[in-house]
Amino acid sequence: MDFALTDEQQLIRETARDFADNVIAPRAKDNARNHHFDAELAARMADQGYLGAIVPREYGGAGLDYRSYGLVVEEVGRADSSARTVVSVVTSLVCSAIVKWGTEEQKALYLPKLCTGEWLGCFGLTEPDTGSDAANQKTRATKVQDGWRINGSKMWISLGNVAKVALVFAQTDPALKHKGLACFLVDTDQDGFQPTTIHGKMGLHASDTASIALDDVFASDDQLLGQVGDGFKVAMSSLDSGRFSVAAGAVGVCQSCLDESTAYAVQREQFGRPIASFQLVQAMIADMRVKTDAARLLVWRAGWMKDTGQPNTTETSIAKLFATEAAVWCANEAIQVHGGAGYVDDHPVERHFRDVRVTTLYEGTSQIQKMIIGRAQTGINALVPQ
Ligand code: CAA
């Protein structure tokens, strides 16, 4: 693996950095304070090509490789994790599934609209009683003439209120367990699709999060993504992309915490000198730097493996586990460096601290990532009684 970025990757990174600093960051504090899902910002990110970053150009995407996509997501995440969530969900969880599993007709219908931001998408896997055990879907899909009727409920769905198309995972035959799952491209403009905003989140206040009731929702046969029985693999392959994206965003949070802490420590004086001159403060900043670099390199490795066609589920889990835990740690330390000033939202570290906490939970908890890594390392599936 070559650590040097190509000229094109450097340009992509600089453009994303500029966009993050000048367009995303200035809105982040007010959007969070006002619990405002910024649809206009989502449209601007689509204009930049970020909502279809890894989608081939022939379907309206930017056609980026994963390493370049990771650079973009890092910069967006550095400015605002709520904005980054829009990129991760639409690009990785929704578009990557359609690219991998969709028919030509489905790709031609959905991808251009998602890439341009005309439509947003959401990923309906999690249910009130189905989180880590994703195969245990309670939502049922029943075959009817020309299609399917879907009944059940989904929980913690990012963009659930604003999506025009929802990937909905449902069980077609409980006896088949995960081999009975199917994924549907559900049109949210129907009476049976009823999203409700989830209030009271710790962070990601500018990100839309919904529970969704599915009451006899209809999906035509043409809206089945993959075959009946492919649903679990569709979900897992989407998460291979989604976890990469969350990890890249977490690197951005680490970098912001490092930058903000360094700048603050250099100018803030106590005992007659900058607090950056104290070894205990330098130690916090040095540890942040080490974790940031290590997280980034793990993300780059996972991206390189994706770009070179190698199996990468384990390495993606390693990147997601390390980067998200590092970001939670860095945000906590950054507040420590800032002292009381870090406890209010005048400094972005306060928002990072609240926003990034969810990244060790969603798209697979840290414990699930360790289980995947442990299984790959030992050859023993911890979910199967020995
Ligand atoms: N890609 C493709 N196929 C895969 C795969 C992958 N990455 N991983 C597994 N599979 C396949 C396996 O090959 C296997 O196929 P066969 O039936 O043909 O043998 C099948 O899927 C079942 O695999 P496992 O036996 O490994 O499945 P499991 O039940 O033991 O465990 C798990 C899987 C890792 C625990 C999984 O359930 C998991 O990742 N759980 C966490 C769920 C999760 O991340 N949820 C996040 C929700 S989305 C979200 O948070 C977004 C938001 O908007 C907030």
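In which helix do Tyr66 and Tyr69 both lie, and how many residues apart are they? In this predicted model, the two tyrosines belong to helix α3, which spans residues 66-79, and they stand 3 residues apart, about one turn of the helix. The points below begin with these rings and then turn to the cavities.

**Aromatic rings**
- The structure has 8 aromatic pairs, and one of them joins Tyr66 and Tyr69 edge-to-face, with 5.8 Å from centre to centre and 80° between the planes.
- Ring pairs also bring in Phe244, so that Tyr66, Tyr69 and Phe244 are linked into a cluster.
- Tyr66 counts as buried because its relative accessible area of 16% falls under the 20% cut-off, and Tyr69 is buried too, with a value of 0%.

**Charges over rings**
- The charged end of Lys306 sits over the ring of Tyr66, 5.4 Å from the ring centre.
- In another case, the charged end of Lys291 sits over the ring of Trp329, at 4.8 Å from its centre.

**The second largest cavity**
- This cavity has a volume of about 50 Å³, and its lining includes Tyr66 and Phe244, along with Arg67, Glu74 and Arg296.
- Helix α3 gives the most to this lining, with 5 residues, and the lining as a whole divides into 7 nonpolar, 1 polar and 3 charged residues.
- Domain 1 (7-115) and domain 3 (233-378) both contribute lining residues, so the second largest cavity lies between them.

**The largest cavity**
- The largest cavity has a volume of about 60 Å³, and α2 (39-47) and α4 (81-101) are the elements that each give two or more residues to its lining.
- By class, this lining holds 7 nonpolar, 3 polar and 2 charged residues.

Notes
Residues are numbered from 1 along each chain as its sequence is written. This is a predicted model: local features need pLDDT of at least 70, side-chain atom pairs count only at pLDDT 80 or more; totals for chains, interfaces and linings use all residues. Side-chain values use heavy atoms; hydrogens and water are left out. Rings of Phe, Tyr and Trp (its six-membered ring) pair if their centres lie within 6.5 Å; planes under 30 degrees apart count as stacked, over 60 as edge-to-face and the rest as tilted. Helices (H or I, at least four residues) and strands (E, at least two) are DSSP runs, numbered from the N terminus. Buried means under 20% relative accessible area, exposed over 50%, partly exposed in between (1.4 Å probe, protein chains only). A charge sits over a ring if NZ of Lys or CZ of Arg is within 6 Å of the ring centre and within 35 degrees of the ring normal. On a 1 Å grid over the protein atoms alone, a cavity is a set of points where a 1.4 Å probe fits but cannot get out, and a pocket is an open set with protein on both sides within 12 Å along at least five of seven lines; lining residues have an atom within 4 Å of a point. Grid points are joined across faces, edges and corners, and a volume is the space filled by probe spheres set on the points. Ala, Val, Leu, Ile, Met, Phe, Trp, Tyr, Cys and Pro count as nonpolar, Asp, Glu, Lys and Arg as charged, and the others, Gly among them, as polar. Domain bounds come from an automatic or database domain assignment.
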